[in-house]
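Here is a short report on one protein structure. Look over the sequence and the model first, then read on.

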Amino acid sequence: MNKGQKLTRIDIRVKIMSILILTLLCYSTHAQHIVVKSNTSVDRHDDGKGVVEIRHSTGKNSFNIEYKGEIATTDDDKDIKSISPGGYIEISKTTFGSKRSIQIEATSNGLKREYYEGRSEVNYLPEGKKWLAEILPEVIRTTGIGAKDRVKRFYKKGGVDAVMAEINIIESDYVKSIYGGHLLEMDNLSDNELIKIAEGISSQISSDYYLSEVLRKNSRQFLIKDNTSTAYFNAVKHVGSDYYSTIILKEALKEHKPSQVAIVKIMDASKNIGSDYYQMTVLNDLLDDDLDPEALKAVVATSRNIGSDYYQTQLLSKALEKPNLPDESFIIVVDAMANVNSDYYMASVFSKMLDKPQTEAINMKIVSIMNTKLRSDYYASTVLSKMIKNQKLSDKTMESIASALQNLGSSNYAAAVIKNASDQNLSKKSMLSLIQTASRIGSDYYASEALSSLASQVKKSNDKELMEAYRAAAKNIHSDTYYGRAMRAID
């Protein structure tokens with residue numbers, strides 16, 4: 001590696017670290033940069049002690065705001081009505097180099113007001129009051145100052161529609177989220193109002209972060225009833241970020257006990273998550289709850305949207321451990337495995353399935369998929385041996401297994417499965433299928449091993465057809481040594 005390559009890697013690491021730092025700063029609760037329009041930005045800083053500083057810039061002009069405490073505006077939004085004790089607000093605006101500012105402070109004698117043009121103090125009345133009336137609507141819609149009081153006022157006047165109309169005027173997603181949050185804090189909101197709010201904020205707030213914050217912090221009241229939970233999860237679908245969508249859905253599961261209808265809606269919303277990992281974590285958390293059979297079936301079905309073999313099989317393996325998993329779910333699992341590329345993951349899921357009794361249709365399907373999809377002889381023999389050991393197999397299924405063994409490239413693994421089968425109580429038809437398969441094993445040694453393992457059951461049966469089939473199979477062994485070994489086992 002030359003010096004130039006080292007420098008290039010260092011540069012890349014520095015850039016990555018810079019991006020990470022900037023990302024953390026953007027989502028810090030103390031410092032935020034909010035882009036309102038392409039030519040408008042808002043920088044907000046909270047010192048953690050109640051003092052908030054905001055800089056609003058449009059390119060042509062800018063204003064700075066610093067405030068502390070709860071601030072309420074008059075009904076016409078043209079004046080400051082009250083400030084909580086110890087609080088204050090300072091507003092300064094610069095337009096083409098000309099600066100004006102107002103300072104309003106809460107004192108024991110009421111609000112103290114000062115007005116400045118440049119560095120010179122000017123009487124507040126009438127110019128200061130007039131200027132505040134001009135600038136205040138823009139200030140409150142940009143910063144969220146007085147939002148709680150304003151939401152109550154609009155709601156009292158025209159209900160949810162009036163508040164949503166005001167949110168529509170506001171440009172900043174950050175401030176929209178403040179208004180949406182205060183609206184959801186209103187007492188005794190009806191189901192229709194909650195549905196209208198969910199639809200409104202999801203269409204009004206374009207920022208994934210701010211929309212997710214409103215939804216995440218107010219999930220409780222939505223998830224109580226099925227109709228409001230439906231509206232809630234429809235709103236979640238508007239969150240484009242996989243990360244934030246996952247946070248919302250996981251928190252809804254963690255903090256509340258959603259109804260079965262809500263659980264189905266969570267799964268439906270998870271389908272919009274593009275990341276296999278994030279979708280898996282949501283469904284995985286669902287499986288931690290006591291789901292009814294239909295919900296479990298839905299989780300298994302939804303897992304088919306996960307493209308990653310690893311994440312899909314991790315999830316399905318966990319689902320297979322549930323005692324109340326319905327039979328239909330096993331069919332879905334088998335069908336899902338048909339699209340898995342990894343032999344290991346396919347075999348691991350089938351192996352776990354075979355820990356429990358399965359229907360003939362499912363066992364037949366597993367054999368068929370392994371015969372056509374599974375490339376590894378080792379994994380195929382492992383699963384087939386486990387099926388023979390743990391399942392009550394029909395002659396038809398055993399015949400399918402025997403046929404699958406003939407397609408194995410490894411004589412060793414084919415013989416191993418037959419030897420495992422010889423430990424079971426086999427029917428005559430199953431014995432004939434396995435003897436025929438043993439006769440087609442290419443290695444004389446393993447053919448002899450396979451046949452010899454079946455010899456005791458053939459002798460015990462005292463069946464002429466089985467004896468003739470055994471001897472005919474032994475004649476396909478070219479080695480005198482191994483032929484003799486197979487024949488001595490039957491004599």
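## Ground rules

This is a predicted model; local features need pLDDT of at least 70, side-chain atom pairs count only at pLDDT 80 or more, and totals for chains, interfaces and linings use all residues. Residues are numbered from 1 along each chain as its sequence is written, and side-chain values use heavy atoms, with hydrogens and water left out.

Helices (H or I, at least four residues) and strands (E, at least two) are DSSP runs, numbered from the N terminus.

## Helix α4

Helix α4 covers residues 173-184, which makes 12 residues. From first C-alpha to last, α4 reaches 16 Å. That is close to the 16 Å expected at 1.5 Å a residue. The expected span is 1.5 Å times one less than the number of residues.

Helix α4 is largely enclosed by the rest of the structure, because 11 of its 12 residues are buried. Buried means under 20% relative accessible area, exposed over 50%, and partly exposed in between (1.4 Å probe, protein chains only). The buried residues of α4 include D173, Y174, Y179, H182 and L184. At the start of α4, a side-chain oxygen of S172 comes to within 3.2 Å of the backbone nitrogen of Y174.

## Aromatic pairs

How many aromatic pairs does a search of the whole structure find? The search finds 18. Rings of Phe, Tyr and Trp (its six-membered ring) pair if their centres lie within 6.5 Å; planes under 30 degrees apart count as stacked, over 60 as edge-to-face and the rest as tilted.

Y344 is partly exposed, at 46% relative accessible area. Y445 and Y482 also form an edge-to-face pair, with centres 5.5 Å apart and planes at 75°. Y445 lies in helix α21 (residues 444-461) and Y482 in helix α23 (residues 480-490), so this pair ties together parts 37 residues apart in sequence. Y445 is partly exposed at 31%, and Y482 is partly exposed at 24%.

## Salt bridges

Side chains of opposite charge can pair when their charged atoms come close. A salt bridge is a side-chain nitrogen of Lys or Arg within 4 Å of a carboxyl oxygen of Asp or Glu. The whole structure holds 27 of them.

D77 and R153 meet in a salt bridge at 3.1 Å, N to O. D77 sits in the loop between β5 (71-73) and β6 (80-83), and R153 in helix α3 (residues 147-169), so the pair ties together parts 76 residues apart in sequence. Both D77 and R153 are buried. R153 also lies over the face of F154, 5.7 Å from the ring centre. Such a charge counts if NZ of Lys or CZ of Arg is within 6 Å of the ring centre and within 35 degrees of the ring normal.

## Two further bridges

D149 forms a salt bridge with K81, the closest N and O atoms being 3.8 Å apart. D149 is in helix α3 and K81 in strand β6, 68 residues apart. D149 is partly exposed at 27%, and K81 is partly exposed at 45%.

K386 bridges to D355, with the closest N and O atoms 2.6 Å apart. K386 lies in helix α17 (residues 377-390), and D355 in the loop between α15 (343-353) and α16 (360-373), 31 residues apart. K386 is partly exposed at 22%, as is D355 at 47%.

Key. Polar contact = N/O pair within 3.5 Å; in protein donor to acceptor, adjacent residues only side chain to side chain.
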